[in-house]
Amino acid sequence: MADRAPVVIDPSGRDIHAEAARIRAHGPVTRIALPGGLAAWSVAGHEEARRALADHRFSKDPRKHWPPLAEGEVAADFPLIGWILMDNLTTAHGDDHHRLRKLIAKAFTPRRVEAMRAGVRAATAELLDALAGAAPGEVVDLKARFAHPLPARVICDLFGVAPGDRARLLRGGEVNVDTTVDAAEAAANVERWHRDMQEFVDAKRRAPGDDLTSDLIAARDETARLSDSELVGTLHLLLATGTEPVMNLIANAVRALLTDPEQLRLVRQGRVTWEDVIEETLRAEAPVAHLPFRFATEDVELGGVTIARGDPVLVNFAAAGRDPGVHGASADAFDAARKDKTHLSFGHGIYRCIGMPLARMEARIALSALFERFPDLTLAVAPEELEPQVTFIMNGVLRLPVRLSATRHRGRPGGRGETPVTPR
Ligand code: HEM
């Protein structure tokens, strides 16, 4: 690895963007020290990230391509063990990746996602109805009451997770992105989610339903295209990715609009679309900030450095989205009206996000319905008082305290633009 001292990653994710800028200042591909002291590379430049994502010399399979794991040097005391000990698309390479992806991608084609639109609308309306019960001026946590339950409900419905089981089955993914948990907690989390998910699979096998879990079990049982471990790992992955980044996309967009009333005005006046807001949020506030892991299968030259065979690599989506080489001096500013909103926040190439059409649809429905229903929505704290989620892997807020109406209770309004936006 290069001589320069590595940038030490803050596990609590206090300031994702300041850290991304620090990493970028060292170069587009920079040495970092992860929690637990592990040395890795962060790919922070947009072009370098695009290349790394498409370069098959980087593998996502630690069992095959991370020598310290094969040599038994990793297990017990590694805080990010949850990112290693899962058996699914995020740890698969080559033919294994291709096989798993083919099986799962079928469920998320644009046509299948379109068929989910009515369900997403209904879930949105129900959650907004529940919010409307808040007292005038009451502070509510929009993340806990809306940005999280919406995607959680959509993905759990899709996989046939009963309401009573949801919190338990989603917990593995929540703890996995908390990069402040110590090694013992991380290991306990892995054990717990394997057990919980296995119990869920066993129950579904006994009583299948009209849901994707039952489809995956049938694929496993009838064609052996999926091992038991992959089945459990895949369910864990899909429940987690179906919830966590979508929650951040919605919450980050709301935060951006409520922080800068001019941006919200642009939407209200029809000068930018909700799609513009969503793409700008993905660019400037990448919901997945710094994703582990890839491993070099041979020495790779990238961004002026040599990544040695076996070195772990993280793609820094938060940094890439704000690369001044692509977005100029205003790269850090949230501006839904900017022409070029190029980003890699859903990945690129053969690993590109399978849930992209679903995530965009959920965010579109959630944001338009929320601001239509609560036109006086404001942040209940100063933007700088919003606490970040405790993670360097994701980019979001811990809570999103808002007031739905400033002083009085409001029923469902007739339509967009009926009530002026209250300037903050
Ligand atoms: C705003 C929301 C989302 C963001 C920002 C996001 C981001 C990403 C990124 C960056 C990757 C690429 C990982 C890599 O290259 O290693 C990815 C892959 C993936 N995403 Fe998403 N995701 C989102 C929503 C979803 C949803 C809703 C699902 C479906 C339930 C999903 C399922 C997946 C899967 C299965 C992969 C693995 C693809 C592969 O390795 O071939 N994601 N996502």
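Select Cys-353 to begin: this residue sits in the loop that joins α17 (324-327) to α18 (356-373). Helices here are DSSP runs of H or I with at least four residues, strands are runs of E with at least two, and both are numbered from the N terminus. The model is a predicted one, in which local features need pLDDT of at least 70 and side-chain atom pairs count only at pLDDT 80 or more, while totals for chains, interfaces and linings use all residues. Residues are numbered from 1 along each chain as its sequence is written, and side-chain values use heavy atoms, with hydrogens and water left out.

Next, display the ligand and its iron atom. The SG atom of Cys-353, at 2.3 Å, is the only protein donor of that iron. Donors are N, O and S atoms within 2.8 Å of the metal (3.2 Å for Na, K and Ca), and water is not among the atoms, so sites may look incomplete. Cys-353 is partly exposed, with a relative accessible area of 31%; buried means under 20%, exposed over 50% and partly exposed in between (1.4 Å probe, protein chains only).

The whole structure contains 6 cavities of 30 Å³ or more, and the largest cavity holds about 860 Å³. A cavity is a set of points, on a 1 Å grid over the protein atoms alone, where a 1.4 Å probe fits but cannot get out; lining residues have an atom within 4 Å of a point. Points are joined across faces, edges and corners, and the volume is the space filled by probe spheres set on them.

Select Leu-237, Thr-241, Pro-245, Val-288 and Cys-353, which are the closest to the centre of the largest cavity among its 43 lining residues. The elements giving two or more residues to this lining are α5 (94-105), α10 (166-177), α13 (228-259), β6 (290-296) and α18, with α13 giving the most, 10 residues.

Move on to β6. Of its 7 residues, 6 are buried, so β6 is largely enclosed by the rest of the structure. β6 pairs in the antiparallel sense with β4 (residues 58-59) over 2 bridges and with β9 (residues 312-316) over 4 bridges; pairing requires at least two DSSP bridges between the strands. Centre on Phe-295 in β6, which stands opposite Ser-59 and also opposite Pro-312 in β9.

Finally, select Cys-156. This residue is buried, with a relative accessible area of 0%. The structure has 0 disulfides, a disulfide being a pair of cysteine sulfur atoms within 2.5 Å. For Cys-156, the nearest cysteine sulfur is that of Cys-353, 17 Å away.

Definitions and conventions:
1 Å grid on protein atoms, 1.4 Å probe; cavity = no way out; pocket = protein on both sides within 12 Å on 5 of 7 lines; lining within 4 Å.
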